[in-house]
Amino acid sequence: MFQSILSNIAIILLMHLTMTFISDNHKKIPLFFRKVITVSLVSCCTIILFYLPIHLNENFFVDMRFIPLIFLAYLQGWIAIPALLIASAWRFFMGGAGTVPGIVFGMALPTIIALAFHPRSHLKKHYIEKISIVLLCWIVCDFPIIFIVPNGWEIFKNTALFRVTSFIVTAVILYIFIMQDRQRRFLNSQLEKMADEDPLTKLLNKRKFYEVVEEKRHTLKPKHYIAMLDIDHFKKVNDTYGHLFGDKILVEVANILKKYESDQLVTGRFGGEEFIIYLGETNINSATNLLENIRLDIKHTSFPYKEIESVSITISTGVSEFKDDNILEAVYSADQNLYKAKRSGRDCLVGPVQRYINEPSRRNF
Ligand code: GH3
Ligand code: MG
């Protein structure tokens with residue numbers, strides 16, 4: 001009997017390991033296929049359990065078939081229904097004396113109970129409630145033995161403690177594994193974010209920006225441009241209004257840049273008050289027009305300071321085109337053009353065709 005229980009647990013944990021692998025690779029698998037794989041895994045696991053019976057006496061055997069189904073129903077909701085239908089159909093075609101009770105009490109009712117509790121599954125510390133669900137499922141599954149099987153009360157009485165213990169121990173182990181896994185995935189995603197994102201503006205940092213651009217430049221529009229944007233006289237903003245207000249402006253500027261993000265426009269924080277943009281465009285004119293829109297958008301945005309004053313800033317932009325060369329060379333050329341923009345009075349854009357635009361800013365620092 002112990003061997004059978006352990007083999008049931010092993011199959012359930014194998015299912016969990018496979019699910020973990022799918023979740024770890026969720027970015028590579030489209031959502032629809034992930035759902036299909038989940039349903040297939042849970043129904044397969046349930047079906048395999050039919051073939052690993054736990055004998056309660058010579059003629060009567062059970063298994064832990066409802067565990068995969070109730071976990072799926074409790075944690076993921078309605079997706080458990082197709083898994084239940086597949087497993088039920090399989091059990092039906094297997095035939096035998098216990099077919100209907102095996103489907104109704106062994107799988108369908110426990111799955112419905114778990115589904116009813118699904119909206120509460122996000123409540124983390126309600127352990128008593130979670131154990132009660134397993135207990136309730138066990139009662140629904142095993143109680144009918146008393147009435148259906150000859151000598152049922154004796155069988156139920158002799159096996160109740162052993163059955164309930166095995167269900168609860170299996171459910172607790174599985175739940176701990178699932179929660180630990182979720183925690184690990186959450187921490188991994190946080191780490192990934194921290195490694196890729198600038199913590200203040202939430203734009204891509206320099207390293208991730210280069211990585212994304214290297215991927216994009218081989219797939220997108222025929223021409224590729226890099227723009228460096230630098231806030232004019234930002235030191236004076238800090239000196240006048242304080243660094244915290246300076247930070248607020250950096251965040252707001254980043255939010256303006258994010259509005260323009262698309263498949264062919266990637267933004268990042270280069271460092272300090274410098275931002276970097278990649279554009280996949282058809283020609284320099286469309287790239288320049290877009291960058292000019294961004295420059296004017298920032299220029300015409302007011303940043304309220306303590307509700308008593310409205311501060312405006314300007315930016316200077318340097319643009320370069322990059323072809324098959326190293327991205328760092330394109331960044332270098334854009335930076336050179338940015339210095340030209342600064343030297344020619346700021347609040348303007350300098351590109352590969354030496355286009356200068358200069359307008360009086362609302363407030364000059
Ligand atoms: P220019 O028009 O020539 O670019 O003048 P500038 O004052 O903007 O340039 P400068 O290089 O002299 O000064 C940049 C300032 O940006 C100095 C620094 O305090 C500020 N800065 C850099 N990073 C941050 C930041 O994360 N937060 C804040 N508040 N200020 C920053
Ligand atoms: Mg500056």
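Helix α9 (residues 206–216) buries Lys208, Phe209, Tyr210, Val212, Val213 and Lys216, where buried means under 20% relative accessible area, exposed over 50% and partly exposed in between (1.4 Å probe, protein chains only). This is a predicted model, so local features need pLDDT of at least 70 and side-chain atom pairs count only at pLDDT 80 or more, while totals for chains, interfaces and linings use all residues. Residues are numbered from 1 along each chain as its sequence is written, chains are lettered from A and ligands numbered from 1 in the order in which they are written, and side-chain values use heavy atoms, with hydrogens and water left out. Helices (H or I, at least four residues) and strands (E, at least two) are DSSP runs, numbered from the N terminus.

**Around α9**

- The buried residues of α9 pack against α8, β3 (223–231), β4 (265–271), β5 (274–281) and α13 (327–343).
- Val213 sits in this helix and counts as buried because its relative accessibility is 0%.
- Setting aside neighbours within four places in sequence, Val213 is in contact (heavy atoms within 4.5 Å) with Tyr278, Phe322 and Ile327.
- Val213 and Ile29 are 184 residues apart along the chain, and 23 Å separates their C-alpha atoms.

**Nonpolar cores**

- A nonpolar core here is a set of buried Ala, Val, Leu, Ile, Met, Phe, Trp, Tyr and Cys residues joined through side-chain atoms within 4.5 Å.
- The largest one has 52 residues, and Met64, Ile67 and Phe71 have the most contacts inside it.
- At least two residues of this core come from each of α1 (2–24), α2 (31–50), α3 (66–76), α4 (80–94), α5 (99–117), α6 and α8; the largest share, nine residues, is from α3.
- Phe71 touches Gln76, Ala171, Leu174, Tyr175 and Ile178, leaving aside its neighbours within four places in sequence.
- There's also a second, separate core of 31 residues, which includes Ile284, Leu291, Ile298 and Tyr305.

**Aromatic pairs**

- Rings of Phe, Tyr and Trp (its six-membered ring) pair if their centres lie within 6.5 Å; planes under 30 degrees apart count as stacked, over 60 as edge-to-face and the rest as tilted.
- Searching the whole structure turns up twelve aromatic pairs.
- Phe92 and Phe93 make an edge-to-face pair, because their ring centres are 5.6 Å apart and their planes are at 80 degrees; Phe92 and Phe93 are both exposed.
- Phe245 and Tyr305 are edge-to-face too, because their planes are at 80 degrees, with centres 5.1 Å apart.
- Since Phe245 lies in helix α11 (residues 243–259) and Tyr305 in strand β6 (residues 303–305), that pair ties together parts 60 residues apart in sequence.
- Phe245 is buried at 7% relative accessibility, and Tyr305 is buried with a relative accessible area of 15%.
- Trp138, Phe143, Phe147, Trp153 and Phe156 are linked into a cluster by ring pairs.

**A nonpolar surface patch**

- Ile131, Leu135, Val169, Val172, Ile173, Ile176 and Phe177 make a nonpolar surface patch of about 490 Å².
- Two elements give two or more residues to the patch, α6 (127–142) and α8 (152–196), and α8 provides the largest share, five residues.
- Patches are made of residues with over 30% relative accessible area and no salt bridge, with like charges joined within 9 Å and nonpolar side chains (Val, Leu, Ile, Met, Phe, Trp, Tyr) within 5 Å.
- A salt bridge is a side-chain nitrogen of Lys or Arg within 4 Å of a carboxyl oxygen of Asp or Glu.
- Ile176, in helix α8, is partly exposed because its relative accessible area is 44%.

Definitions and conventions
Accessible areas come from the Shrake-Rupley method with a 1.4 Å probe; for residues, only the protein chains shown count as cover.
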